[in-house]
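My notes follow in the order I took them.

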Amino acid sequence: MRFKLTLQIDKTSFGCKIPINYNYEISSLVYRVLSKSDDAFSHWLHENGFQKGNKRFKLFTFSRLQIPQYRIENECIRILSDTVDWQISFLPDRSTQEFIRGVFQNQTFELGTRVANVRFHVREVSVMPPPIFAETMVFETLSPICISLRRKNGKVDYISPDHPEAQSLIRKNLLNKYFVFHGKEYDSEFNFNFEVLSKPKSVLVTIKSGTPQETRVRGFMCRFRMTAPEELMRVMYEAGAGEKGSVGFGMCSVAI
C-alpha cells in the first residue's frame, strides 16, 4: 500500500536546509515514527524484516523528497517552497490504511543533521490507489535503482540497470521478495524482461555521512519497461525494484 505525505515546513524553528544525502535520516525517521505507536512492529521491522537464508528483507521503500522549489548550497538543499511531498510504500499486509495513517497523521518531526535540519509537520496523508497491473508496464524511478554485483574477489560493484547482468539480478531480487513475503517460491515459469528506456542517471548516495559507519551506494534514475506476471509486478511496485528499498532506493511510479 502506497501513501503520499504532504509536509509543511516550519521555517522558524531551525531553517530550511537539509543535507543532500538524507536517505539514512528518512529511513531512521520511519522506524522512529513507527516505534512511537507500535514498539513491537517497529522492532520486527528493524531487527528482522522478512528473512531468506542469511538475507533480510525489509519490504518497504520510499521516494526522494519531491521539492517544488529548491537551491543547492554546498552539501545542502535549501528548500524554497512551503511544502514538499514524499511517498512511502509498504508490502506487508499489516501496514493497512488505518495503521499508517494513524502513525503519520499530524506528526511533527525533524529531518537532517546538526548542520542542516528542518522541522516538518505532516499536513496530509493520502492513500494512493494502486495502478491496474498488467504483464508489461512502463515505469519511472522516484528514487534510484540499486543493483550490486559481487565479483569473484569479493568486491561489490554498483551497476547500471542497462548492464548486461542487471536483468537477472533484478529478477532474482524480485523472486526473493516474493518468497519472504509469501513464504514460498514462485513456482511457475514466466516471461521476464527489463528494458531501460532512457539514459540512466547515476546518483551516489552517502549513508551515515560523517560517521565511522559511512558508506556510499550508487543507484540510477531512469524510465524502464518491465514484463512479469501481475503478481510479481505488484511486489516490485510496492517494495521497489532492486536492492536497499528500506534506505530509499527503487521506488517507481507508472510512467504517464
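**Pocket, then sheet**

I looked up the second largest pocket and found about 480 Å³ of space in it. I note that the model is a predicted one. I then listed the lining of this pocket: it has 20 residues, and those closest to the centre are Ile20, Tyr22, Arg64, Ile77 and Val203.

Next I sorted the lining of the second largest pocket by residue class. I got 13 nonpolar residues, five polar and two charged.

Which strand gives the most to the lining of the second largest pocket? I found that strand 15 does, with four residues. Strand 15 covers 201–207, and strand 6, at 70–73, also supplies at least two residues of this lining.

I read an open sheet of three strands, ordered 2-7-6, with antiparallel pairing. Strand 2 (17–19) and strand 6 are at the edges; each has a single partner strand, so one side of each is left without a neighbour in the sheet.

Last, I checked how strand 2 is joined to strand 7. Strand 7 spans residues 76–79, and its antiparallel pairing with strand 2 runs over three bridges. In this pairing I found Lys17 opposite Arg78 of strand 7.

Definitions and conventions
Residues numbered from 1 in each chain as written. Predicted model: local features only at pLDDT ≥ 70, side-chain atom pairs only at ≥ 80, totals over all residues. Heavy atoms only, no water. 1 Å grid on protein atoms, 1.4 Å probe; cavity = no way out; pocket = protein on both sides within 12 Å on 5 of 7 lines; lining within 4 Å. Points joined across faces, edges and corners; volume = space filled by probe spheres on them. Nonpolar A, V, L, I, M, F, W, Y, C, P; charged D, E, K, R; others polar. Pairing = 2+ DSSP bridges.
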